[in-house]
Amino acid sequence: MRIVQIIDSLETGGAERMAINYANALSEKVEFSGLIATRKEGLLLDYLDEKVAYLFLKKKSSIDPKALSRIISYLKGNKVEIIHAHSSSFFIAALAKIFIPKIKIIWHDHFGISQDLDSRKNLILKIASFLFLGIISVNDYLKKWALDYLHCPNVTYFPNFILESIDSSSNFKLKGIEGKRIICVANLRPQKNHELLINGAQMLHQKFPEWSFHLIGKDFYDDYSKNLVKKVNDLQLTETVFFYGEMNNTQNLLKQSEIAVLTSRSEGLPLAVLEYGLSSLPVVATDVGEVKKIIQSQQEGLLIESNNLEQFVKAVEYLIEQEETRKIIGKKLFSLVEQNFSEKSILNGYIAWLESLTTFA
């Protein structure tokens, strides 16, 4: 089997991480594993295994003849059989199939706002779906949406999976006091609801002044992120809440932390929570999207209602005060993630699904 992953960028997002994860994991399982970044490179390039055949397309517009020529040459030269297109990269995959009709397209839907699918319309995607052999949805809401809206009957659900970071030995040190750090890995987007985290930090700081919050994630330097920084300044939390931006040594940063949080208003199946589990961290997360498939009970973590400040503060306070409980919860989450969301647990099913589709295609 000869498979290439296609993704628009290699910046630190969930879809981008999954493209890297699939490319790396498949390099040990199939005859050929490749990865194409269409528009932009990024920090995740450092995670790509040397066995993966990489191409940066340098695509400058939706229809870029030079980029299309490069991808066709790559696909033919490497005798690629299957394109695994992530998110919006389906478009260039569909264009490539027009010139290489035998190639097969799998589309991977990573849409994160699964609570608002009624308003999700994409005519180009709908037309392109006639060319898809199969669709992977990262949660059951997206699977139903694909079956109802798109023109591809072969829709399956595969949860995200996690690989241990190769960069966990980095010497970068978080600010704050060792043993009293709370971390959040989430790009600075409105759906991640960092306001709830900052409001909670203000309340918790009054009782636990030595504890600090560490926000890891890409800063888009838009109104949302500017308002977050202003809020931290206005609340005089500059020595309590720290922004680090996009970083490529997440596992190392998690190992320097005691508690992990995710305060999103919406999610798919968040890689951040899987990363937290891989580091055996106790988690406080909002009960949105597929988070409950990871944190299935209070044994694996604490779930709160979306945007519920009181519940957030109480949950974090509980973990701060209960050190032994923190360790027990972290170990339980690690076991669950290792058993259900590891490379081995997902990849065998993925390959079997592809084989079932391609046998009669």
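**Exercise 1. Which exposed residues does the face of H13 turned away from its buried side carry?**

Solution. That face carries Lys 344 and Thr 359; exposed means over 50% relative accessible area, buried under 20% (1.4 Å probe, protein chains only). Before going on, note that this is a predicted model, where local features need pLDDT of at least 70, side-chain atom pairs count only at pLDDT 80 or more, and totals for chains, interfaces and linings use all residues. Residues are numbered from 1 along each chain as its sequence is written, and side-chain values use heavy atoms, leaving out hydrogens and water.

**Exercise 2. Which residues of H13 are buried, and where do they lie around the axis?**

Solution. Start with the list: Ile 346, Leu 347, Tyr 350, Ile 351, Trp 353, Leu 354 and Leu 357 are buried in H13. Next, they cover an arc of only 160° around the axis, which puts them on the same side of H13.

**Exercise 3. How do the axes of H1 and H13 cross, and which residues make the contact?**

Solution. First, the axes of H1 (residues 14-26) and H13 come within 11 Å and cross at roughly 80°. That makes H1 roughly perpendicular to H13, a term for angles of 65 to 115 degrees. Then look for contact, meaning heavy atoms within 4.5 Å: Tyr 22, Ala 25 and Leu 26 of H1 meet Glu 343, Ile 346, Leu 347, Tyr 350 and Ile 351 of H13. Finally, sort these residues: seven are nonpolar, none is polar and one is charged.

Terms used:
Helices (H or I, at least four residues) and strands (E, at least two) are DSSP runs, numbered from the N terminus. The arc is that of the directions from the helix axis to the C-beta atoms. Axes are lines fitted to C-alpha atoms, for helices over the stretch in contact, and angles run from 0 to 180 degrees between N-to-C directions. Angles under 35 degrees count as roughly parallel, over 145 as roughly antiparallel, 65 to 115 as roughly perpendicular and the rest as oblique. Ala, Val, Leu, Ile, Met, Phe, Trp, Tyr, Cys and Pro count as nonpolar, Asp, Glu, Lys and Arg as charged, and the others, Gly among them, as polar.
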